[in-house]
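Hi everyone, thanks for making time this morning. I'd like to walk you through a structure, so let me put it up on the screen.

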Amino acid sequence: MLGAPPEAERMAYLLHFADGLGVPVERTLLGAAGAALRAVGAGSRRTGGEWAVPLTVWRSAPFPTWYADRRAAGDRLLDARVEWYAPHAGPDGGAAWLLTVTIAPGDGSAPAVGRLLSAQGQGLLI
């Protein structure tokens, strides 16, 4: 969502693309805060490196399955960075994304960096 008061300068460009992409626009601070809270909903309790995973990726179908497997193996998520994100890109309307993750293996070995790709109709590619 985009929040900008009516008197904000140099907003035409952002407003144009918000309109074209269907991004909700709020013109008051109260409206912007309410829209942001509605978008987040109940949220998700996360700690440590989990905070680095955007909520939209955290909630996408492939990520929780992958992460549950990692946690079951005793691994810990140290960090994550979105490299690419395309909302509603999949045939089912789901987002497609590329995430670089840093994992602390449960066996105590050195942290490992990997990439996760949620591709259109392909599930999760590691």
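Before I point at anything, one term: I'll call a residue exposed when its relative accessible area is over 50%, buried when that value is under 20%, and partly exposed in between. Also, please keep in mind that this is a predicted model.

Let's start with Arg71. With a relative accessible area of 52%, Arg71 is exposed. Its salt-bridge partner is Glu50, and their closest N and O atoms sit 3.7 Å apart. Arg71 belongs to helix 4 (residues 62–72), while Glu50 is in the loop between helix 2 (29–40) and helix 3 (55–59), so this pair ties together parts that are 21 residues apart in sequence. And Glu50, is that one buried or exposed? Glu50 is buried, at a relative accessible area of 7%.

How many salt bridges are there in the whole structure? The search finds 3. Another of them joins Arg70 to Asp75, with 2.9 Å between the closest N and O atoms. Here Arg70 is partly exposed at 25%, whereas Asp75 counts as buried at 14%. Then we have Glu83 and Arg81, whose closest N and O atoms are 2.8 Å apart. Glu83 is partly exposed at 32%, and Arg81 is partly exposed too, at 48%.

Now for the largest pocket. It holds about 260 Å³ of space. The lining has 13 residues, and those nearest the centre are Thr56, Tyr85, Pro87, His88 and Ala95. By type, that lining splits into 6 nonpolar, 6 polar and 1 charged.

That's my tour, and I'm happy to go back to any part.

Conventions:
Residues are numbered from 1 along each chain as its sequence is written. This is a predicted model: local features need pLDDT of at least 70, side-chain atom pairs count only at pLDDT 80 or more; totals for chains, interfaces and linings use all residues. Side-chain values use heavy atoms; hydrogens and water are left out. On a 1 Å grid over the protein atoms alone, a cavity is a set of points where a 1.4 Å probe fits but cannot get out, and a pocket is an open set with protein on both sides within 12 Å along at least five of seven lines; lining residues have an atom within 4 Å of a point. Grid points are joined across faces, edges and corners, and a volume is the space filled by probe spheres set on the points. Ala, Val, Leu, Ile, Met, Phe, Trp, Tyr, Cys and Pro count as nonpolar, Asp, Glu, Lys and Arg as charged, and the others, Gly among them, as polar. A salt bridge is a side-chain nitrogen of Lys or Arg within 4 Å of a carboxyl oxygen of Asp or Glu. Helices (H or I, at least four residues) and strands (E, at least two) are DSSP runs, numbered from the N terminus. Buried means under 20% relative accessible area, exposed over 50%, partly exposed in between (1.4 Å probe, protein chains only).
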